[in-house]
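Please open the model in your viewer and keep the selection panel at hand. The stops below are meant to be taken in order.

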Amino acid sequence: QLSCLVKMVTLHGIPKDLDSYPKDLLLFLSPSDYAVTGGCRQYFANVGKANLDVLQRESSQRKQLLSEALACLKIPGTQVDEENAEILGRLICDLGGEYIRSSGGSLLKQLRRCESFLPDQEEAIRSVISSGNTTFGPPVGWSAFTLNELSGLISVLDHSILQKIPK
């Protein structure tokens, strides 16, 4: 339905008010299509707010979006800072474990919004959390507030992390 809607919306060219359309619609456009409205950073900031699950996980479309986003934001290696993590939004959910490890705690805020994780992502999240080098600190110092902040990541925590959390 969304791809059909994109065809209808762009029938007479790309509208200048694309930002007023549902964010999910942008998943079926490219950054160059969006150039009429704004730059690629703005495009990916909007795509990051879209429901990525409209596209199948591991699909070529999602991989392409992530690849274009990393190029747009000029992220050369696997380290993503908090500002770029905020722009990427839900696209963070498709980053591999190497990005999660390299970026440390800067991705945790965005990762907690993901519906599910691949095994290498889970392992990387556990590694980052276990290190204690995040804004949350080591698990031995966590409170109920910390657990609430990490709510979307609790299912990823293993026994070795859970047993360190104070009762």
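Predicted model: local features only at pLDDT ≥ 70, side-chain atom pairs only at ≥ 80, totals over all residues.

**Stop 1: where they touch.** Domain 1 supplies 4 residues to the contact, and domain 2 supplies 6. Between them the two domains bury about 340 Å², with 44% of that area on carbon and sulfur atoms. What kinds of residue make up the side of domain 1 that touches domain 2? There are 3 charged residues and 1 nonpolar residue on that side, and no polar ones.

**Stop 2: polar links across the interface.** How many salt bridges are counted between domain 1 and domain 2? The count is 0. Polar contacts are found, however: 2 residue pairs across the interface of domain 1 and domain 2, both at pLDDT 80 or more.

**Stop 3: the aromatic pair.** The whole structure has 1 aromatic pair. The ring centres of Y43 and F44 lie 4.8 Å apart, and because their planes meet at 75 degrees, over the 60 needed, the pair is edge-to-face.

Are these two residues buried or exposed? Y43 has 0% relative accessibility and therefore counts as buried. F44 is also at 0% and counts as buried.

Conventions: Residues numbered from 1 in each chain as written. Heavy atoms only, no water. Contact = heavy atoms within 4.5 Å. Buried area = accessible area lost by both parts, 1.4 Å probe. Salt bridge = Lys/Arg side-chain N within 4 Å of Asp/Glu carboxyl O. Polar contact = N/O pair within 3.5 Å; in protein donor to acceptor, adjacent residues only side chain to side chain. Nonpolar A, V, L, I, M, F, W, Y, C, P; charged D, E, K, R; others polar. Phe/Tyr/Trp six-rings, centres within 6.5 Å; stacked < 30°, edge-to-face > 60°. Buried < 20%, exposed > 50% of the residue type's maximum accessible area, 1.4 Å probe, protein only.
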